Structures are given as C-alpha cells and as structure tokens.
Amino acid sequence: MVRCSKTVKTAATEASRLQIYAEKFTFARKLILESGLIFLLLFGLVLVIKQVLQPETILDPIEIPEEIAQQGFTGTVVAEELADAALNIQLEARRLSSHSSWKKEGEDLQEIGMNVYLQDIEVPGAPFSIRTITRFIRQELGFHSTHIRGEIVRENGDLILTLRSLSSYRVPPVRIPGKDVAQLFQEGGRALLRLIAPSILVIHDTHKLIHSVDKENDYAELVPLLEYCLDFPQEKDNTLVYTLWGSALLVLNRPKEAIERYERAITLNPSYAYAYNGWGIALRNLKRPEEAIKQFQNAVSFNRAYV
C-alpha cells in the first residue's frame with residue numbers, strides 16, 4: 001500500500017514537472033516569436049527610415065526615336081541603363097579611393113537613390129508601393145528630391161541624349177553625342193551624375209588623373225568639372241572639391257597652387273583632416289619640413305587614420 005502510494009506520488013510529481021516544462025517551453029516559444037516579430041518590425045522601420053533619408057532621384061522614362069525602339073529598347077529600359085551606368089561610376093570611385101589617402105571620402109560617398117519612374121516595389125495586398133510610401137513621407141518632411149527627364153534624338157547623323165533637372169532651373173541641361181546606343185549609355189551615366197552628384201565624378205576623375213599618361217591634358221579636362229561642382233546649387237559643402245583640386249595640382253607638381261586650394265578647404269571646414277594632410281605633402285615638396293610637420297600633426301589630431 002505504501003509502495004503504491006509512493007508510485008502515485010512519484011507519477012504526480014513527474015506529471016507536474018512535465019507540465020512545468022511544457023509551460024516553460026510554451027513561454028519560450030511565445031517569447032521567441034514575439035521577439036522575432038519585434039525584430040522584423042524594427043528591421044523594416046530601419047529600412048524605411050534609411051530609404052526616406054537617402055537622397056532620391058526620380059528618373060522618368062527617356063523619350064526615344066523609333067530606330068532605338070526597333071532595337072528592343074523602351075524609354076524605361078533606357079532610363080534603367082543610365083541609372084546603372086551612374087551607379088557603376090559611383091562604385092568604381094569608391095573602389096579607386098579605397099587605396100588612396102581619401103579612403104574615408106570614398107566610403108562616405110553619397111548613396112544615389114535612383115528610382116526609375118513606375119518601377120516601384122509592390123507590397124502584396126496594399127494599394128501603395130514601398131517607394132510611394134517613402135516618397136510621401138519625404139514630401140511631408142520637406143526633403144528634396146531630384147526629378148530628371150530626357151530624350152534621345154538624331155541630329156546630323158549622331159544620337160544626342162539630353163538630360164535636364166526639373167528640380168532646379170540653375171542646373172543646365174546636359175547634351176551628350178554618341179554614334180550608338182552603347183556609347184550613349186556609358187556617357188549618359190556621367191551626364192546623370194553631373195546633374196545630381198558631380199562630386200562623385202570629381203573623386204573618380206581625380207584618382208584616374210594619378211595614373212594618367214597625359215596628366216596635363218586630363219587635368220585640363222578636370223578643371224571645368226571642378227568649377228562646375230563648386231557652382232552646383234545642391235552642393236552645400238565644397239570642402240572635398242577644393243581638397244581634391246589641391247590633390248590634382250600635387251599630381252602635376254604644382255604645390256604652391258595646391259596649398260591655395262587646401263587653404264580654401266580648411267576655411268570651409270577647419271577640422272578636415274584630408275586637407276591638412278595634403279597641405280603637409282605640398283609643404284614637404286616645397287622643402288619646408290617644419291611647416292609640413294605642423295600640418296601633418298593637424299591631420300592626425302582630427303583623424304587618427306593619418307598616423
């Protein structure tokens with residue numbers, strides 16, 4: 001009788017223990033599911049915030065002549081090709097700068113939010129797309145978006161691509177000639193960046209100047225881009241442009257002129273380490289070591305990467 005009572009008590013204890021384990025398992029599963037949902041919601045919120053804060057360019061379908069349409073292109077496809085070309089230049093600029101003293105500037109390149117019009121990401125079951133929603137939020141918050149339109153026409157045997165910004169009358173249209181569609185796409189990517197983020201072109205072309213065979217000629221082609229970038233209405237901070245101009249002059253062994261550009265950069269941003277470092281190199285090239293050391297120390301004080 002005692003043994004039976006102990007068996008029943010043991011079974012009851014085991015059942016109670018199993019019930020506790022089951023309750024703990026249920027609680028843990030509920031906690032994991034709720035935590036997962038919270039994580040997904042936070043992750044989605046971060047993506048939306050990032051999309052809202054990202055500079056946005058809206059590129060309408062390009063108007064094209066019949067001969068290009070007969071090759072299988074549409075206005076939307078041409079717009080996508082131009083957007084891809086612009087993004088490829090940005091990626092190349094980041095890659096080139098990763099091996100130079102302006103690595104940080106390459107890493108901080110402005111991300112281009114290039115939306116080809118009507119190519120939104122659809123949300124199943126929802127009347128709006130993700131880009132439509134983020135665009136609405138940007139408009140409500142007063143964030144700037146750049147709207148680009150363009151067309152391709154045939155003139156005197158050449159194809160002419162014209163792109164224009166509808167967001168600022170101060171940005172002049174860009175006309176690019178080409179013998180074929182492929183050449184227009186390549187040059188059109190540069191034209192697109194010229195309208196929305198010319199500083200990316202400056203980084204790209206300045207670095208290519210370093211490895212150029214004909215540096216004088218390439219510098220002569222770079223100067224109009226630098227001047228254009230300084231006058232670009234959307235460019236609020238020309239520190240990087242002046243600094244890159246100084247770097248280009250160093251490549252040509254013109255340190256005195258380079259120092260003038262670095263001084264302009266420092267005036268705009270007194271804590272810009274990259275400009276101090278370039279200034280130090282220019283002074284070193286002029287055989288002024290004590291002054292050079294001072295500028296190198298300034299660079300290190302603002303950015304330990306220059307140690």
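Does lysine 287 count as buried or exposed, and at what relative accessibility? Lysine 287 counts as exposed, because its relative accessibility is 70%. The cut-offs are these: buried means under 20% relative accessible area, exposed over 50%, and partly exposed in between (1.4 Å probe, protein chains only).

1. **Ground rules.** This is a predicted model, in which local features need pLDDT of at least 70 and side-chain atom pairs count only at pLDDT 80 or more, while totals for chains, interfaces and linings use all residues. Residues are numbered from 1 along each chain as its sequence is written, and side-chain values use heavy atoms, with hydrogens and water left out.

2. **Overview.** The protein chain has 12 helices and 5 strands. Helices (H or I, at least four residues) and strands (E, at least two) are DSSP runs, numbered from the N terminus. Of the chain's 307 residues, 40% count as buried. Take the contacts between residues at least 6 apart in sequence: 57% of them join residues at least 24 apart. Contact means heavy atoms within 4.5 Å.

3. **Helix 3 against helix 6.** Start with helix 3 (residues 75–97) and helix 6 (residues 181–196). Their axes come within 7 Å and cross at roughly 70°. Axes are lines fitted to C-alpha atoms, for helices over the stretch in contact, and angles run from 0 to 180 degrees between N-to-C directions. The two helices are therefore roughly perpendicular to each other. Angles under 35 degrees count as roughly parallel, over 145 as roughly antiparallel, 65 to 115 as roughly perpendicular, and the rest as oblique. Helix 3 passes helix 6 in a right-handed crossing. A crossing is right-handed if the near helix is turned clockwise from the far one by less than a right angle, and left-handed if anticlockwise.

4. **Who touches whom there.** Helix 3 makes this contact with helix 6 through Val78, Glu81, Leu82, Ala83, Ala85, Ala86 and Ile89. Helix 6 answers with Leu184, Phe185, Gly188, Gly189, Arg190, Leu192 and Leu193. By type, the residues of the contact are 10 nonpolar, 2 polar and 2 charged. Here Ala, Val, Leu, Ile, Met, Phe, Trp, Tyr, Cys and Pro count as nonpolar, Asp, Glu, Lys and Arg as charged, and the others, Gly among them, as polar.

5. **Helix 6 against helix 7.** The axes of helix 6 and helix 7 come within 6 Å and cross at roughly 125°. That makes helix 6 oblique to helix 7. On the helix 6 side, Arg190, Leu193, Arg194 and Ile196 take part. They meet Pro198, Ile200, Leu201, His204 and Asp205 in helix 7. The tally for this contact is 5 nonpolar, 1 polar and 3 charged.

6. **Helix 8.** Check the length of helix 8 (residues 215–231). At 1.5 Å a residue, its 17 residues should span 24 Å, and its end C-alpha atoms are 24 Å apart, which agrees. The expected span is 1.5 Å times one less than the number of residues. Its buried residues are Tyr219, Leu222, Val223, Leu225, Leu226, Tyr228, Cys229 and Leu230. Their cover includes helix 6, helix 7 (198–210) and helix 9 (239–251).

7. **Helix 8 against helix 9.** Here the axes come within 11 Å and cross at roughly 170°. Helix 8 and helix 9 are therefore roughly antiparallel to each other. From helix 8, the residues include Tyr219, Leu222 and Leu226; from helix 9, they include Tyr242, Trp245 and Leu249. The contact has 12 nonpolar residues, no polar ones and 2 charged.

8. **Two buried residues.** Threonine 243 lies in helix 9. At 0% relative accessibility, threonine 243 counts as buried. Beyond its neighbours within four places in sequence, threonine 243 contacts Tyr262, Ala265, Tyr272, Tyr274 and Ala275. Tyrosine 276 lies in helix 11. Tyrosine 276 is buried too, with a relative accessible area of 9%.

9. **Two loop residues with positive phi.** Most residues other than glycine have a negative phi. Asparagine 253 has a phi near 60°. It sits in the loop between helix 9 and helix 10 (255–268), and counts as exposed at 59% relative accessibility. Lysine 287 has a phi near 65°. Its loop runs between helix 11 (273–285) and helix 12 (289–302).
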